[in-house]
Amino acid sequence: MAAERGAGDGGARRGHLAAVVLARGGSKGIPHKNIKRLAGKPLIAWVLRAAAACGGFDSIWVSTDSDEIEKVAKQYGAQVHRRTPEVSRDTTSSLETIQEFLLHHPEVDIVGNIQATSPCLHPSDLTKVVDMIRTEGYDSVFSVVRHHLFRWREVKASGEATVAENFNPKCRPRRQDWSGELYENGSFYFATKDLITQGYLQGGKMAYYEMKPEHSVDIDIDLDWPIAEQRVKRYGYFGTGGPTLVQLLVCNIDGCLTDGRVYVNQDHELISYSLRDLDGIRMLLDRNVQVRLISERNISPTLVSTLKLPCTIEANVSKKKDVLERWKEELGLKSWNQVAYMGCSNSDVECLKLVGTSGVPADACTAAKMTDAFVCQYGGGYGAIQEFADHIIMLMEMGR
């Protein structure tokens, strides 16, 4: 049935609201774009996490023709609709793909089409749009962003003169004196089934939702990728809570501070670490964040002293969670949001899931990467700690 309004609930629109992310396997601009890692996560994971945290959807779906994308989608909690070959072509429109989805899922009454290429989307935005659809009577809502751009008429013939289209060149407005214009940014399109089956994603009683410029990020070509990565690290949604109150970072020595290798001869055992990681530790210490290191190995006191690291080190740790809880209690920390942890192995997984902010090197095990941790671009022993420290500091400065 179509989404209906009830007489006894103030006219609120009932019906099944599904988030649908379209993620075709083929991408000519950026191969495997939808699951390529951005700031440590598959691209599609950013919007799936925001949709789940919103809490306003009755179901969350990924429509795809790819086995690889299906696997990633399920890892991040989405259901998967295997689209037909007829709607998996380069020329297939989003509207056609959503119509095909609805044919196979008649229980859905309202679709929130969320673009996989909008990684800075926040659940708070989606929550407000769900409310617009459910309680404010809108049949379709789409995202826009405000731009302050001067438009000129395109010249198609030689010798033809152009003219300004949205301002007077003789009196160019200052940015602060001009409200700008609203442009679709493609982050999402919500619409009722009735509209979609009639061939519209926008229609009926329409509304736009204005997103913050810093959250309005779209990825289309390779040149967009590094810019989007920096924007996500600064403005992306990293889950509830946040590292604003971080006062303790605990880091596994083996595979995080080091690359996991040990050099031995008849008399000595040697390990190496990056001076960049030492700089990262000092940056946190300068911001009054305690840094403590642990190791499962029985590191000799002589080796610990020769490391000359400005932080507490505890070796021969068999149960890392117990040490983590003890240190939290010693420092009088009230919440796990005040604790950050960096690990790389299966023995770190429990701690990575427990703390408010977690990170892993690029070469961490799969189980550690799947804990929703920040995945560094650098491997253990090659600057991963510094990268994670930068990440924590950036989020702290943003007031998370």
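A disulfide, as I use the word here, is a pair of cysteine sulfur atoms within 2.5 Å. With that in mind, please remember that what we are looking at is a predicted model, and that a search of the whole structure finds zero disulfides. Take cysteine 376, for instance: the nearest cysteine sulfur belongs to cysteine 256 and lies 8.6 Å away, and because a disulfide needs the two sulfurs within 2.5 Å, cysteine 376 is in none. Cysteine 376 counts as buried, at 3% relative accessibility, whereas cysteine 171 is exposed, with a relative accessible area of 56%.

Six strands make up an open sheet with parallel pairing, and their order is 14-13-10-15-16-17. At the edges sit strand 14, residues 312–314, and strand 17, residues 374–375, each of which pairs on one side only. Strand 15, residues 339–342, runs parallel to strand 16, residues 357–360, and three bridges join the two; within this pair, alanine 340 stands opposite threonine 357 of strand 16. Packed on the sheet is helix 13, residues 384–397, which touches strands 10, 15, 16 and 17, and whose direction makes about 155° with that of strand 15.

In soluble globular proteins, nonpolar side chains tend to be buried together.

Technical notes
Residues numbered from 1 in each chain as written. Predicted model: local features only at pLDDT ≥ 70, side-chain atom pairs only at ≥ 80, totals over all residues. Heavy atoms only, no water. Pairing = 2+ DSSP bridges. Helix = DSSP H or I, 4+ residues; strand = E, 2+ residues; numbered from the N terminus. Contact = heavy atoms within 4.5 Å. Axes fitted to C-alpha atoms, helices over the stretch in contact; angles between N-to-C directions. Buried < 20%, exposed > 50% of the residue type's maximum accessible area, 1.4 Å probe, protein only.
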